[in-house]
Amino acid sequence: EGWFSLAGKNFQPWAPRYKCLQSTVINDAVAIKEAKAIRKLEVGEVLQALDVPFSEKTACLLRIKVRAEKDGASGFATVRGNQGTVFLKTFVSSSSSSSSSS
């Protein structure tokens, strides 16, 4: 058990869904060098996170295991590239909060 205080704008809650901001791919392996592309992710596509993001040390990438809502394809995708490019961003659906108010 424990607690923490939220101060400033440095805190960003982990969300179980991500939206594709720039085209990237879902790979079958964690390490980019050994991975094969499963399929291309399109801009605007929504993904379900299957685990928390992690750092892929050899390529200096932030990666995450995901499942595409569009077709159920699952694998590993890059959240942030080694040059700081953001490919996936946490996504909170506005419909989930409004459905509980009715």
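## A buried arginine and its partners

Arg 39 counts as buried, at 17% relative accessibility (buried is under 20% relative accessible area, exposed over 50%, partly exposed in between, with a 1.4 Å probe and protein chains only). This is a predicted model, where local features need pLDDT of at least 70, side-chain atom pairs count only at pLDDT 80 or more, and totals for chains, interfaces and linings use all residues. Residues are numbered from 1 along each chain as its sequence is written, and side-chain values use heavy atoms, leaving out hydrogens and water.

Arg 39 forms a salt bridge with Glu 45, their closest N and O atoms being 2.3 Å apart (a side-chain nitrogen of Lys or Arg within 4 Å of a carboxyl oxygen of Asp or Glu). Glu 45 is buried too, at 7%. Arg 39 also forms a salt bridge with Asp 71, at 2.8 Å. Arg 39 lies in strand β3 (residues 37-41) and Asp 71 in the loop between β6 and β7, so this pair ties together parts 32 residues apart in sequence (strands are DSSP runs of E, at least two residues, numbered from the N terminus).

## Another salt bridge

Glu 69 forms a salt bridge with Arg 17, with the closest N and O atoms 2.9 Å apart. Glu 69 is in the loop between β6 and β7 and Arg 17 in strand β1, so the pair ties together parts 52 residues apart in sequence.

## The nonpolar core

The largest nonpolar core has 15 residues; Tyr 18 and Leu 41 are among those touching the most other members (a core is a set of buried Ala, Val, Leu, Ile, Met, Phe, Trp, Tyr and Cys residues joined through side-chain atoms within 4.5 Å). β6 gives the most to this core, with four residues.
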